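Please keep the structure in view while reading.

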Amino acid sequence: MTDSNDDTRTSRRRFLTGAAGLAAAGAAGAARAENPKNLPPNVADWSKHLGDGVAVRPYGHPSKFEKDVIRRDVQWLTASRESSVSFTPLHELDGIITPNGLCFERHHSGIAEIDPDDYRLILHGLVDRPLIFTLENLKRLPRVNRIYFLECAANSGMEWRGAQLNGCQYTHGMIHTVQYTGVPLKLLLEQAGVKATGKWLLVEGGDASGLDRSLPLSKALDDCLVAYRQNGEMLRPEQGYPVRLVVPGWQGNIWIKWLRRIEVGDQPWYTREETAKYTDLMENGKARKFTFVMDAKSVITSPSPQAPIRRKGFQVISGLAWSGRGKIKRVDVSLDGGRNWRTARIDGPVLDKCCVRFYAEAEWNGEPWLLQSRAMDETGYTQPSKDALRKIRGVNSIYHNNGIQTWALKANGEVENVEVG
Ligand SMILES: Nc1nc2c(c(=O)[nH]1)N[C@H]1C(S)=C(S)[C@@H](COP(=O)(O)O)O[C@H]1N2
Ligand SMILES: [Mo]
């Protein structure tokens, strides 16, 4: 549609009559003076000459008009770029799949550069046959395709003491959802033959941080993958090229990138990343250990602080919901800070340990809204309010903040990160 200052035109009924009205205007013909950019219904300028030919861009990239759809970082958050994080622009995306170039990154020692011919994966410890796999070895084994979310346990970690960052990119952008292609870890363990005493795995990265974590054998045999593809193409360097571990539903930290070693043992190793880091300090000073699972959580991605409302009338409210315990069963949306809830419409696939896309439609006439979403998963678990979470967890935590997010919509259509009591 052409630009219009008529706010009511976006209501459903007016939308239809408005479209019919345009056809009539087209028939009459619009003069260039009233239409300086020569937009339709005139024959637009882009229709009058040849465009770029094929393979001008051998590897395609988005339209130049989408230049603001990018990962962003928060400079004051970390001391260096090598041990830092960039955030997925959730407010600019729809559906459930994160394009490869927009997946948030979290590195502890920068991006390791590995020639796929030089790649090796060592599998040893309490096994009958220690093995070393090349990438070719892995690619020759039976493979599966699975879509999962990966969420850093520190996602929303800055929000524990109150609303901080203005944008779901920053409050919730340490998550991505892609389709992985890889070998079930179970297959590799079967080839090596895990001894009866084997109960835990040490999984270790090949980057300079050598990031390592203890993974229970039961999870490894259940649904973990040794993946080499994301959304069809080879993993991006940022995501662990050429091989990363996929640990569905569990905190991102254990999804080891540039995977170099798996050792089978009889007990956990208690590495730095599961003691000094990635434990949750409770109100009483005690720390919870091994909080692997990411509980059900959701966020409204539009409207949100980086995606304000531009006109009154009919609005599509949209967001993402996910649970590390299984499938999402229901998502509710509130416009009044949680007093009243309506059930949102989920559209697209509903998969195990994967994001769903939800929508709720509403008329907005400039009144203040307090937008919230609340996820429920198939185990019956319901996403808690931030206050309910703080009652159990206190405010010493960094990790596992899955409290309900509130966005305040103001009369001018702008949106702000707030908390309601
Ligand atoms: N080898 C290695 N693996 C790693 C990390 C790392 O720094 N080195 N960071 C971990 C953390 S904390 C997270 S949240 C995820 C981030 O995955 P991504 O960069 O694909 O988003 O990778 C995990 N795996
Ligand atoms: Mo993380």
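Of its 14 lining residues, Leu-90, Leu-93, Ile-96, Thr-98 and Leu-320 are the closest to its centre. A cavity here is a set of points, on a 1 Å grid over the protein atoms alone, where a 1.4 Å probe fits but cannot get out, and lining residues have an atom within 4 Å of a point. Grid points are joined across faces, edges and corners, and a volume is the space filled by probe spheres set on the points.

This is a predicted model, in which local features need pLDDT of at least 70 and side-chain atom pairs count only at pLDDT 80 or more, while totals for chains, interfaces and linings use all residues. Residues are numbered from 1 along each chain as its sequence is written, chains are lettered from A and ligands numbered from 1 in the order in which they are written, and side-chain values use heavy atoms, with hydrogens and water left out.

The largest cavity holds about 240 Å³ of space. Among its 21 lining residues, Arg-106, Arg-244, Gly-252, Trp-255 and Lys-257 are the closest to its centre.

A side-chain N or O atom of Lys-257 is 2.5 Å from an oxygen atom of ligand 1, and a polar side-chain atom of Asp-207 lies 2.8 Å from a nitrogen atom of the ligand. A polar backbone atom of Arg-106 is 3.0 Å from an oxygen atom of ligand 1.

Note on methods
Polar contact = N/O pair within 3.5 Å; in protein donor to acceptor, adjacent residues only side chain to side chain. 1 Å grid on protein atoms, 1.4 Å probe; cavity = no way out; pocket = protein on both sides within 12 Å on 5 of 7 lines; lining within 4 Å.
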